[in-house]
Amino acid sequence: EESLSTFLSFERMSTEVISLIRAVYKEMHHQGDYAKGKGRREFIPWLVEHHGTALYFPIERADGGRQDLDFDGALPIYLN
């Protein structure tokens, strides 16, 4: 974690996996609650256009508190 001290606090760097999973959910999931997320408008159409025949693992819903989210959320991110 010493290497993280070079980042400024507003850059929001973290070593917590759950923070990454929630950020990916907000940005890419088709039901993500981030208003600027690209899941609904851009990500899914881009995925179909560029990788239409590829196997896609849906991103887990990351709302609320779920104890199994570390594993269930990380697997689709890694495989995609």
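1. A word on terms before anything else: a residue is called buried when its relative accessible area is under 20%, exposed when over 50%, and partly exposed in between, using a 1.4 Å probe and protein chains only. By that scale Phe57, at 32% relative accessibility, is partly exposed.

2. Some housekeeping. This is a predicted model, where local features need pLDDT of at least 70, side-chain atom pairs count only at pLDDT 80 or more, and totals for chains, interfaces and linings use all residues. Numbering starts from 1 along each chain as its sequence is written, and side-chain values use heavy atoms, with hydrogens and water left out.

3. The overall layout is quick to describe: the protein chain has 3 helices and 0 strands, in the order α-α-α from the N terminus. Helices here are DSSP runs of H or I with at least four residues, strands are runs of E with at least two, and both are numbered from the N terminus. Of the 80 residues in the protein chain, 18% are buried. The accessible surface is about 6500 Å², and carbon and sulfur atoms own 56% of that; the areas come from the Shrake-Rupley method with a 1.4 Å probe, and for residues only the protein chains shown count as cover.

4. On contacts, meaning heavy atoms within 4.5 Å: among those in the protein chain with a separation of 6 or more, 41% are between residues 24 or more positions apart.

5. Now α1. Helix α1 has 12 residues and spans 16 Å from first C-alpha to last, close to the 16 Å expected at 1.5 Å a residue (the expected span is 1.5 Å times one less than the number of residues). Its buried residues are Ile21, Val24 and Tyr25. They sit on the same side of α1, because their arc around the axis is only 100°, the arc being that of the directions from the helix axis to the C-beta atoms.

6. What do the buried residues of α1 pack against? They pack against α3. Seen from the other helix, the buried residues of α3 pack against α1 (17–28).

7. In α3 the buried set is Leu69, Gly73 and Pro76. These lie on the same side of α3, since they cover an arc of only 65° around the axis. On the face of α3 turned away from that buried side you will find the exposed residues Phe71 and Tyr78.

8. Ile18 belongs to helix α1 and, leaving aside neighbours within four places in sequence, is in contact with Leu69 and Asp70. Ile18 and Gly73 are 55 residues apart along the chain, with their C-alpha atoms separated by 8.2 Å. Gly73 also pairs up with Glu60: these two are 13 residues apart along the chain and 5.2 Å apart, C-alpha to C-alpha. Glu60 is in the loop between α2 and α3 and is partly exposed at 27% relative accessibility.

9. Glu27 is another residue of helix α1, partly exposed at 23% relative accessibility.

10. Which residues make the nonpolar surface patch of about 700 Å²? Leu55, Phe57, Phe71, Leu75, Tyr78 and Leu79 do. Patches take residues with over 30% relative accessible area and no salt bridge, joining like charges within 9 Å and nonpolar side chains (Val, Leu, Ile, Met, Phe, Trp, Tyr) within 5 Å; a salt bridge is a side-chain nitrogen of Lys or Arg within 4 Å of a carboxyl oxygen of Asp or Glu. Tyr78 is in helix α3 and is exposed, at 70% relative accessibility. Tyr78 and Phe57 are 21 residues apart in sequence and 9.6 Å apart in space, C-alpha to C-alpha.
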